[in-house]
Amino acid sequence: MIPKIILGTGSDATRRTIRYLFGKGRANEHTDPHLVASWNGFAPDPGRSPHRDPKDVERQLVAQLDQPIKMLGDKAPKDTVWHCPVRAAPEDPILTDAQWADIARRIVAAAGIAPEGDGEACRWVAVRHADDHIHIAATLVRQDGRRPERGYDQRAVQREARTIEIDYGLRRLKPGDGTAARQPTSKEHFKGRRLGQETASRDVLRRRVRRAVAAAADEAEFFALLDATGVEVRLKRGPSGDALGCSFTLPGDTNGQGEPVWFSGSTLAPDLALPRIRKRLDTTRPERARMRPGNPWHQAAAAVGRIPHHLTDSDEHTAQGQLVGLGMALDLLPFTAPADVRAELDCAASAFERATRSRIAADLDSAWVLRRSIQSIWRKHPRDGDGTGLAMLLDGVLTAVAFAMHWHRTRQHAQQGAAAKQALVHLHTAHGRIAEPVLAHLARSAPTPQTQRRFAHHIRQTAPEDAERILADPAWDSLATVLAHAEGAGHSVGTLLDQAVRQRTLDDAHSPARTLTWRIRRLGERHAPGPRAQAAKASSTAARVHGPHHLAVGISQRDAQPRRR
C-alpha cells in the first residue's frame with residue numbers, strides 16, 4: 001500500500017482538488033467517484049446526491065472544507081490542502097468502501113491531520129473513484145483555528161501503511177530509509193505515454209543522467225554526454241558565477257504554458273544533485289586514476305571479484321563505496337553487451353540502483369579501479385571475440401550482487417536488499433545467455449581423459465573439500481580446457497589452481513567449476529613465468545624445506561639476476 005502526500009497552495013486549492021477527484025480524470029479513468037469517509041461522517045457527497053446538481057454539491061462540500069481557512073482571512077497558511085492518494089497493489093484483493101473508510105481514518109490520524117478523538121481536528125474527506133485506491137483531501141487549518149501538528153507526516157503515514165498491510169493481508173512493502181528516488185506520479189505516467197515514451201520523463205532522465213555520470217571522466221564530458229543523449233541542462237549559478245546545481249528536461253516535455261518541465265538532480269535521485277555528481281566524477285579524473293596497462297575485461301573482473309571481500313571484511317564506508325561502484329558498472333554494462341542481453345542488463349541496472357544508496361556515507365575512492373576499467377571497456381571496446389570477458393565479468397557481478405543483498409539485509413536495509421534480489425533475477429538470465437555458449441565452446445575442446453585425470457588429481461590436492469562438487473559439475477570439461485590452455489602457455493596447473501581457489505571460497509558458488517573456469521582464464525592469460533622466475537620459485541621452495549642457508553643462497557641468486565616485468 002502506497003500513500004503519497006501532495007500539498008495544495010492558494011485559496012483555490014480545495015476547489016481544484018475536489019473538482020479533480022469528482023471529475024472524469026485526465027484519461028477518463030475515474031469511475032463512480034463518491035465519498036467513503038469524512039471528518040463528521042455526513043459531509044455532502046457529489047457522487048451520491050441523485051436529486052441535486054453534482055456541481056452544487058461540490059461547491060457545498062468545498063465551502064464546508066474551506067470554512068476554517070476562510071475564518072483566518074489574510075492569516076491563512078500558504079499551503080491550504082493536504083492531498084494523500086493511497087493505492088493498493090495490483091495483486092491485492094478489492095477492498096470494500098467500509099474498509100477504505102477505516103484505512104482513511106488511520107492515515108489522517110497517523111499524519112496528525114485528524115488524531116483519533118480530536119473533535120477540533122482538520123476537516124477531511126476520502127474519495128473513491130477506482131477499485132484500487134482512494135484520495136484523502138484535507139484542509140490545513142484545524143476547526144479551532146490552529147495548524148495541525150504534522151511533523152514528518154510522510155514517514156508517519158508510511159509506518160501506518162505497513163501496519164495496515166498486515167492487518168488487511170495486503171502485499172507488504174519494504175520500509176525505507178529516506179534514500180529512495182522519488183517515483184513518478186500518475187499524471188507523469190499518463191504524460192509519458194502521450195509523449196510516446198515507455199515510462200515517465202522523470203524515469204527517463206534518471207537513467208540517462210546516471211549513465212552519463214558512470215561514463216564521464218570529468219564534468220565537461222558529463223554535460224557533453226547529456227547533450228548527446230538529448231537531455232537539456234539548466235545550471236543554477238551563484239553570485240560568483242559558479243554552477244551550484246542543475247536541472248534537466250527532455251525536448252517536448254512542456255507544461256500547459258508551453259514551458260519546459262525541469263527536474264532538479266536531487267528530485268531525480270538523492271545522489272544526482274550536482275555536488276554529489278562532482279564527488280563521483282572526482283574519483284575518475286585521469287590524473288588521479290592511472291591504471292597499469294592490461295586487459296580491461298580482466299581488470300574489471302578482478303575488481304568485481306574483490307567486492308565480496310570488501311563487503312565482509314572492510315569498514316562500512318568502503319563497502320558502501322563498492323556498492324556505488326558496482327551500480328555504476330551495471331549502468332554501463334548494457335552498452336558493452338550483445339543486443340540480445342541488453343534489455344536484461346538494463347533492467348538489472350535499474351533494479352540495483354536502489355541498492356547503491358543508504359544512510360552510510362560511501363568511500364568513493366575505494367572503487368575507482370572498477371570504474372576506470374568499465375569506462376575503458378565502454379570507450380575502447382577491447383577484443384572479446386568469444387564472449388569470455390563479459391561472461392567472466394558477469395559471473396563476478398552475480399556473486400557481488402548476492403553479497404550486496406546479504407550485506408543490506410544484515411543492516412535491515414529492506415528496500416535495498418529487495419532491489420539487489422530483483423537485480424539478481426535479470427543478471428542470471430543475462431549470464432545464462434552469455435556464458436552457456438562460451439562454456440559449450442570450451443567443452444568441445446576438452447583434453448584427453450588422461451589429462452583430465454591428472455587435472456582432477458590437482459583439484460583434489462588443491463581443493464579437497466570442494467573437489468567432488470567441481471568434478472561432478474557440468475562445467476568440468478570447460479574448466480579442464482582452460483587448464484590445458486594455461487599449461488600449454490607455460491603455467492603450472494597446480495599453482496594456478498592454488499591461486500584461483502585462494503581468491504575466495506567456493507562454498508557459495510552455484511557452479512564451482514564454472515567459477516574456477518573464469519578465474520583460471522583470467523590468471524592463465526597473464527604472462528607465464530619465465531625460466532628465471534621458475535628457478536627463483538624453486539629456490540624459494542627449497543629454502544622453506546632445507547633451512548636458512550639455502551634461503552640466503554636463493555635470495556642472492558635472485559638478486560644477481562635482473563628481474564623481468
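1. Asp-498 and Arg-502 form a salt bridge (a side-chain nitrogen of Lys or Arg within 4 Å of a carboxyl oxygen of Asp or Glu), and their closest N and O atoms are 2.9 Å apart. The two residues are four positions apart in helix 20 (residues 493-503), about one turn of the helix. Helices (H or I, at least four residues) and strands (E, at least two) are DSSP runs, numbered from the N terminus. Asp-498 is partly exposed at 33% relative accessibility, whereas Arg-502 is exposed at 59%. Here buried means under 20% relative accessible area, exposed over 50%, and partly exposed in between (1.4 Å probe, protein chains only).

2. The model is predicted: local features need pLDDT of at least 70, side-chain atom pairs count only at pLDDT 80 or more, and totals for chains, interfaces and linings use all residues. Residues are numbered from 1 along each chain as its sequence is written, and side-chain values use heavy atoms, with hydrogens and water left out.

3. Within helix 2, Asp-56 and Arg-59 are three residues apart, about one helical turn. Their salt bridge has its closest N and O atoms 2.2 Å apart. Asp-56 is partly exposed, with a relative accessible area of 34%, and Arg-59 is exposed, with 54%.

4. The salt bridge between Arg-48 and Asp-32 has a closest N to O separation of 2.8 Å. This pair links distant parts of the chain, 16 residues apart: Arg-48 lies in the loop between strand 3 (34-38) and helix 2 (54-72), and Asp-32 in the loop between helix 1 (13-21) and strand 3. Arg-48 is partly exposed at 43% relative accessibility, as is Asp-32 at 44%.

5. In total, the structure holds 34 salt bridges.
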